Amino acid sequence: MTVIRNAAGRYFASFVVETDPGADLARMPEDDNLPSVGIDLGLTHFAVLSDGRVIDLKKAQRELSRKQRRGRTTERRPA
């Protein structure tokens, strides 16, 4: 895993997973036309796939929708 902090103070993490190709072939279908898909995990959406599909985390959305906008916990404090 690689964690990077950019100039704006935001953190990004990336990782690569290696697996045993023989074990993978035993579990996967034998269709060579299956596409590879990249996954971007975030806060706005739980995951966004490289093919454009968005996977939302419903519980987090419900909690966010119940929060009071501009409530005491979201006010900006002077620096």
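Leu43 counts as exposed, because its relative accessibility is 90%; the cut-offs are under 20% relative accessible area for buried, over 50% for exposed and in between for partly exposed, with a 1.4 Å probe and protein chains only. The model is a predicted one, in which local features need pLDDT of at least 70 and side-chain atom pairs count only at pLDDT 80 or more, while totals for chains, interfaces and linings use all residues. Residues are numbered from 1 along each chain as its sequence is written, and side-chain values use heavy atoms, with hydrogens and water left out.

Leu43 is located in the loop that connects strand S3 (39-41) and strand S4 (47-49). Helices (H or I, at least four residues) and strands (E, at least two) are DSSP runs, numbered from the N terminus. The C-alpha atoms of Leu43 and Asp56 are 9.6 Å apart in space, with a sequence separation of 13 residues.

Two helices and five strands make up the secondary structure of the chain, and their pattern along the sequence is β-β-α-β-β-β-α. Confidence is expressed as pLDDT, the predictor's confidence in each residue on a scale from 0 to 100. The mean pLDDT of the chain is 76, and 78% of the residues score at least 70. Among the elements, strand S1 (residues 2-5) has the highest mean pLDDT (90) and helix H2 (residues 58-66) the lowest (71). Where pLDDT is low, the predicted coordinates should not be read in detail.

Of the 79 residues in the chain, 5% count as buried. With a contact defined as heavy atoms within 4.5 Å, 0% of the contacts between residues at least 6 apart in sequence join residues at least 24 apart.

S1 and strand S2 (residues 11-14) run antiparallel and are joined by four bridges; two strands pair if DSSP finds at least two bridges between them. Arg5 stands opposite Tyr11 of S2. The hairpin of S1 and S2 has five residues between the strands, and Gly9 in this hairpin takes a positive phi near 90°. Ala13 belongs to strand S2 and counts as exposed because its relative accessibility is 53%. Residues up to four places away in sequence aside, Ala13 touches Met1, Thr2 and Val3. The C-alpha atoms of Ala13 and Thr2 are separated by 5.5 Å, although these residues are 11 apart along the chain.

An open sheet is formed by three strands in the order S3-S4-S5, with antiparallel pairing. S3 and strand S5 (54-55) are the edge strands, each pairing on one side only. Strands of a sheet pair through backbone hydrogen bonds, either parallel or antiparallel. Between the antiparallel strands S4 and S5 there are two bridges, and Ala47 has Ile55 in S5 as its bridge partner.

Ile55, a residue of strand S5, counts as partly exposed because its relative accessibility is 39%. Together with Val37, Ile39, Leu41, Phe46 and Leu57, Ile55 forms a nonpolar patch on the surface with about 550 Å² of accessible area. Patches are made of residues with over 30% relative accessible area and no salt bridge, where like charges are joined within 9 Å and nonpolar side chains (Val, Leu, Ile, Met, Phe, Trp, Tyr) within 5 Å.

A salt bridge requires a side-chain nitrogen of Lys or Arg within 4 Å of a carboxyl oxygen of Asp or Glu, and the count by this rule is one. Asp51 and Arg53 form a salt bridge in which the closest N and O atoms are 3.0 Å apart. Asp51 counts as partly exposed because its relative accessibility is 46%.

Key: Accessible areas come from the Shrake-Rupley method with a 1.4 Å probe; for residues, only the protein chains shown count as cover.
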